[in-house]
Amino acid sequence: MTQECPCGSGKALSQCCGPYLKGAAWPQDAASLMRSRYTAYGLGQFDWLVESTHPDHREDVTVERLARSAEGVHWLRLDIAATRTDVPSEDSAQPHDEVDFYAYYELEGVPRQLAERSAFSRKDGKLYYVGGVPLRPEGYRRAEAKVGRNDPCPCGSGKKYKKCCGAAAS
């Protein structure tokens, strides 16, 4: 039986991220590299995470450190929300690619979410992970002001909300 790839592509591991993890191929686009990195986390293949990190950004990236940070983590799902290519860089003349993703995992029985905008850059013809910034959820804003229990009812009856339309809501 062929193992399905953890990245969620629906393909077999051997036909998706497996060749990258084994060093038989290198991802050609940022989304594929992101998927392979997620798969490496899920399968505990931390050497691929070090190898696929840009050589100029590996100073704190070690197999041991990655293994410690992943202890007890059970990866559930990866959602890629957006990809962008040739994004102008503020600190470099060379543009980079970006992937917005949401990774869902469980730690100590509690479901959690990791959201990041990851940057990828080329060196010697290969695409590497450079780093990322967390994505924050957008705040919810009501279209109309919230009506408190003791505020006048918005229906115009002149009664307090709790004695009018609010009574039906509770």
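Which residues of the largest nonpolar core touch the most other members? In this predicted model, they are Trp-48, Val-99, Phe-101, Ala-103 and Phe-120, out of 24 residues in that core.

**The largest core**

Helix 1 (18-22), helix 2, helix 3 (46-51), strand 1, strand 2 and strand 4 each contribute at least two residues. Helix 2 gives the largest share, with five residues.

Leaving aside residues up to four places away in sequence, Phe-101 touches Met-34, Leu-78, Asp-79, Ile-80, Ala-81, Leu-114, Ala-115, Glu-116, Ser-118 and Leu-135.

**The sheet and the helix across it**

The strands belong to an open sheet of four, arranged in the order 1-2-3-4 with antiparallel pairing. Strand 1 (73-87) and strand 4 (126-134) are the edge strands, and each of them pairs on one side only. On average, neighbouring strands in the sheet are turned by 25° against each other, if direction is ignored.

The pairing of strand 3 (residues 110-123) with strand 4 can be followed in detail: the two run antiparallel and are joined by eight bridges. Within this pairing, Arg-117 has Val-133 in strand 4 as its bridge partner.

Helix 2 (residues 30-43) lies across strand 1, strand 2 (96-107), strand 3 and strand 4. The helix runs at about 160° to strand 1.

A disulfide is a covalent bond between the sulfur atoms of two cysteines. To be counted here, the two sulfur atoms must lie within 2.5 Å. The closest cysteine sulfur to that of Cys-16 belongs to Cys-7 and is 3.6 Å away, so the distance is too far for a bond. Cys-17 is likewise in no disulfide, and its nearest cysteine sulfur, in Cys-5, is 3.5 Å away.

Are these two cysteines buried or exposed? Cys-16 is buried, and Cys-17 is buried as well. The table gives their values.

| Cysteine | Nearest cysteine sulfur | Distance | Relative accessible area |
|---|---|---|---|
| Cys-16 | Cys-7 | 3.6 Å | 14% |
| Cys-17 | Cys-5 | 3.5 Å | 1% |

Definitions and conventions: Residues are numbered from 1 along each chain as its sequence is written. This is a predicted model: local features need pLDDT of at least 70, side-chain atom pairs count only at pLDDT 80 or more; totals for chains, interfaces and linings use all residues. Side-chain values use heavy atoms; hydrogens and water are left out. Two strands pair if DSSP finds at least two bridges between them. Axes are lines fitted to C-alpha atoms, for helices over the stretch in contact, and angles run from 0 to 180 degrees between N-to-C directions. Contact means heavy atoms within 4.5 Å. Buried means under 20% relative accessible area, exposed over 50%, partly exposed in between (1.4 Å probe, protein chains only). A nonpolar core is a set of buried Ala, Val, Leu, Ile, Met, Phe, Trp, Tyr and Cys residues joined through side-chain atoms within 4.5 Å.
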